[in-house]
Each structure stands twice: as structure tokens, then as C-alpha cells.
Amino acid sequence: MSAQPRFKIKVRNLFFSYGENVVLKDLTVDIPDRAITAVVGPSGRGKSTLLTLFNRLWEDIPTARMLGSVQIHLNGSHRDIYHRSCSLSDLRRSVGMVFQTPNPLPMSIYKNICFPLKLAGKSDRKQMMPAVETALRQACLWEEVKNRLREDARSLSGGQQQRLCMARALVLKPEVLLLDEPTSSLDAAATEIIEQLILSLRETCTIVMVSHDMAQVERVADRGLELSDGRVVLK
Amino acid sequence: MRTERLVQRLLGLAAGCSVAVTLLIFGFMVILGLPLATGGTFFRMFTSAWLPHQGVYGIAPMVAGTLSIASLAVVFSVPVSLGCAALISVLGSGPLPALLHRLVRFMTGIPTVVYGFAGIFLLVPLVREWAGRGSGMCILSAALLLGVLIAPTMILFFSDSFASVPRTYLEAAEALGATPVQKLLHVVIPCSWRGLTSGVVLALGRAVGDTLIALMIAGNATAMPGSVLEPARTLTAHIALVVAADFDSLEFRTLFACGIILYLCTTVMVIFTRRIGAAWEQQRW
């Protein structure tokens, strides 16, 4: 195992636009490894867009255009994630994402967590259960759902659903975790649990989160990036 | 408020009318077919052959013809339609999906007789050569062509139900590294079972109800078909052929039995779709 790099993600001279609307201009930023970086700023300044640049989720949007480079340290070396040799599926397995509103799939809790493993071609049933348990424990959900793994995931509360989505992202052991306002649809109690969870994950992966809530950023983040006029202001 | 009630009544009246017409048609067929039942020939009709010169008016070969042609057509058409719908809603990129969608819509508007005509000139000779016997007018030819005819119905139904899969499910799968094919197999198809079954049953209904293709292509023999390379006559084609020649005889009366069978077929299929859809919705996962 090679030494951990200081910076996990390196963004260089990045321009991004939706049609005529330029969202990011000549953005250059480094995201530190094993730390929680919060992206803040007013709505519509490209915070969520910045996250989707790290797992290439923006590519299906027909009018979106990008220039510049994004390098992520994966499997021991920095790689240009937009290079032809970089497999999209592998990238997304190493760079997990959790969305603003919880999006469990319409299947059981167990199957939701198994789903990424199945996509990755891991179909050994004996290894499934331990992996599911580990991921659910990591997401602080195991105790609440261990007796109802076969129930529909949509029957969980909002906060539980969001932790389920975290567990689903964690089951693939990602190196980077992208969180797009993960608590914005949750109440105070659920938010606190998720914040604790985020802090506990700092040891295992690099976290980039978007947040509107400055108090939350101060509680959780190691570093804040503010997007202003398409560029970054360090906090 | 008054217009509200007026509109409600008008719509109620319209709904009542359509129900009444449907029931009246059924009653009409039962009453006019009654002489068959009293004559004691009703049940024998379903098991015996069509030998009008001997006074035997069995419709068993027509029932067999209808079932084999319609089910074969669906068997041919489902994989093609599924692939086409997947290309339109999930797998295709660039201008292809939109183009395909427009083409399929256009196909629904082509008159059936044009398909039949093209089939006689293009498909029948091919089947004749391939089979090496007969005229080429057989169950296989009719089923292939009927498969093409019912495909647009299925494709539009399938692609609509694919498109109604919530965007958040697709996004979740994409963010977890699903390839387009995995997205189709693990998310889109499981989420659209209801639409898929409805599409298949509707297409089957169309295949059972279609008259012209069978009439032009299937050969219209009244003998019980022994293989897919033999000619056959469907219930609908039978009605069309007998009506053209006759209007008041026992032979003519058997048509009401054909009508009742077609009617019941459709009813059973509609009920089946509803039940299956509801059951799947409850215990899909």
C-alpha cells in the first residue's frame, strides 16, 4: 500500500456550463485526504454541480459542458477521471454519493444494500450477509433494522432511509464519499445522528459535502470551500 | 356548482352508455345463438370439425387457429418490442430514440390491409421456399406478420412504462456504478412489470381480434391444423367469410358462438391484467 497522498482530489482550471450559463470558471482546488470538506455558498452557484464532477454524474445532462481536469487518488495513484482509460462504473464504485432526498430503491432493506454488490458482480450469497451487516453498522442503522431486513426500504423513516442510502454507498468501501445536503430533508434529531455518522466516517474515507447550514459546517467540517462567482474562496 | 353537477351527470351518462352497449352486444349474441343450445349442438360445436355438407358445424379448428396464431405472434413480438422499447427509453443515445419513437407511432397508423398485402408478396414466398412445401399461406406466416402488426402497441406501452420509472431510482443506480444494461435489468424492468403485462395482454387481445391478416395470409383452411406450416382459419376470419355468404341458417348461427368466445377471451384477458397487476404491486419484491 502506497503512502496516503496529502490531497485526494485535484481540480485544475475547471470550466463548467449548462448551455449559456457558466457555473464554474477557472476553478482550481485541492481536497485533502481523510478529511471532511464542506462546500458552501448561496443556491445556484454550482455546489451540487461540483460534486457531480467527481463521479461524472452530470454527463447525462445534454447541455452540460466541461473543460479542465479532475484527478482523484484511486487505488494508489492520482488518475484523471475523465481520461478514456477510466471506467465509469469503477469510478462510481470508488466515489460514492448520497443525495439530498433519500432515494432507497423499491425493494427490501437487505436488497437495497446488496444492490451495489450485485452490480459489481459479487454474487456470493455467503459474503453478502456480513457485508450488509458491516455497512449497516457503519451507518448506525443495524440495531434498528436487524429484525426487519426483508421489509420494504420505503417503510423506514426519512432519517433511516438516508442512513440506508449511506450504508448502500459504504458497502462498496468507497475511497471518496460525496454528500449533497444529506440532512436538508430531515428533522433535528435525524440530522444529529447523520452528523455523528459523517464524523465517524472521516477515518475511512474522504468526504466532500454540500451544506446550506453554516452551523452544521462548523460542527462537522474540517475545511470549508465557498463558491463565489464560479471560483473558490477558502474558509 | 351547477355546471359541476351537470358535467358529472353527462360523464356518468356517457360511461353508462358504453357499459350498456357492451352488455347489450353480449346479450344479443347469447339470444341469437340460443337455437344452437336448444338444438343440443352447442357443446359439440367446440369439439367437432367444420363439415357443412354433413350438417356438422364445429368451430374447434377455428379456435385452435386463433389460439396458435395469436400466441405465436405474441411470442415473436415480445422480444423485439422489449428491445425496441429499451432502446427508446433507456439504452439509446443521440437522435436514435426519438426517431425510433416517431417511426413506431407512425407504424400504428398504417392500415392493416397494407401489412397483409405486403405479407402476401414478401413474406409468403419466403416461408414457402423455406418450408419447401405448401403455398406459404400458413400459421407461421400469419403469426410473423401479426407479430409485426402488434409490435407498435407493445413498444409504446413498454416504453411508456419504462419512462415512468422515477428518476430518483435511476439516479441511485447510476451513482452506484450501474451500466445502462444493469439499469435496465435491475431497476427499469422490475419497476415496470405492470405496464409490461398490460402491454402483452393488450397486444394478445389485438392479435386475437385481428381479422384481416389471418384472412389474407393464414390460408383459411377449415381442417384442424397439424403444424405451424399448415393453413388455418381464425374465429374472426371465419365470421368474415361466413357472413359474406349467408345470413340465416344453422351455419350462420354458429357465428354467434364464435362471437361469444371472442368476447369472453377479451373479458378474461382484461380481468387477468387487472389481477396480475394488483398482485404484483403488492408482493413484487
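## Helix packing in chain A

In this predicted model, helix α3 (residues 109-119) of chain A packs against helix α4 (residues 125-138) of chain A at an angle of about 110 degrees, and their axes are 10 Å apart. That angle makes α3(A) roughly perpendicular to α4(A).

The contact draws on Tyr110(A), Ile113(A), Cys114(A) and Leu117(A) from α3(A). Their counterparts in α4(A) are Met128(A), Ala131(A), Val132(A), Ala135(A) and Leu136(A). By class, the residues of this contact comprise 9 nonpolar, no polar and no charged.

## Positive phi values in chain A

Arg34(A) has a phi near 45 degrees, a positive value in a residue other than glycine. Its place is the loop between β2 (21-32) and β3 (36-40) of chain A. Arg34(A) has 15 C-beta neighbours inside 10 Å and therefore counts as partly exposed.

Glu181(A) likewise is a residue other than glycine with a positive phi, near 45 degrees. This residue occurs in the loop between β7 (176-180) and α7 (188-201) of chain A. Because Glu181(A) has 20 C-beta neighbours inside 10 Å, it counts as buried.

## Overall organisation of chain B

Chain B contains 12 helices and 2 strands. Read from the N terminus, its elements follow the order α-α-β-β-α-α-α-α-α-α-α-α-α-α. Along the principal axes, the C-alpha atoms of chain B fill a box of roughly 70 × 65 × 35 Å.

Of the 285 residues in chain B, 37% are buried. When contacts in chain B between residues at least 6 apart in sequence are considered, 73% join residues at least 24 apart.

## Domains of chain B

The domain assignment divides chain B into domain 1 (2-40) and domain 2 (63-282). The C-alpha centres of domain 1 of chain B and domain 2 of chain B are 28 Å apart. Their contact involves 7 residues from domain 1 of chain B and 7 residues from domain 2 of chain B. On the side of domain 1 of chain B that touches domain 2 of chain B, there are 6 nonpolar, 1 polar and no charged residues.

## Nonpolar cores

The largest nonpolar core has 125 residues. Those with the most contacts inside this core are Ala167(A), Ile69(B), Ala142(B), Leu146(B) and Ala218(B). Helix α6 (residues 139-163) of chain B gives the most to the core, with 16 residues. A second, separate core has 10 residues, including Trp50(B), Val63(B), Leu255(B) and Cys258(B).

Within the largest core, Ala142(B) is one of the residues with the most contacts. Leaving aside residues up to four places away in sequence, Ala142(B) touches Ile69(B), Ile213(B), Ala214(B), Ile217(B) and Ala218(B).

## Interface between chains A and B

At the interface, 14 residues of chain B are in contact with 18 residues of chain A. Helices α7 (167-175) and α8 (180-191) of chain B each supply at least two residues of the side of chain B that touches chain A. The most is given by α7(B), with 6 residues. By class, this side of chain B has 8 nonpolar, 4 polar and 2 charged residues.

Key: Residues numbered from 1 in each chain as written. Chains lettered and ligands numbered in written order. Predicted model: local features only at pLDDT ≥ 70, side-chain atom pairs only at ≥ 80, totals over all residues. Contact = placed C-beta atoms within 7 Å. Helix = DSSP H or I, 4+ residues; strand = E, 2+ residues; numbered from the N terminus. Nonpolar A, V, L, I, M, F, W, Y, C, P; charged D, E, K, R; others polar. Domains from an automatic or database assignment. Core = buried A, V, L, I, M, F, W, Y, C linked by C-beta atoms within 7 Å. Buried ≥ 20, exposed ≤ 12 C-beta atoms within 10 Å, placed from the backbone. Axes fitted to C-alpha atoms, helices over the stretch in contact; angles between N-to-C directions. Parallel < 35°, antiparallel > 145°, perpendicular 65-115°, else oblique.
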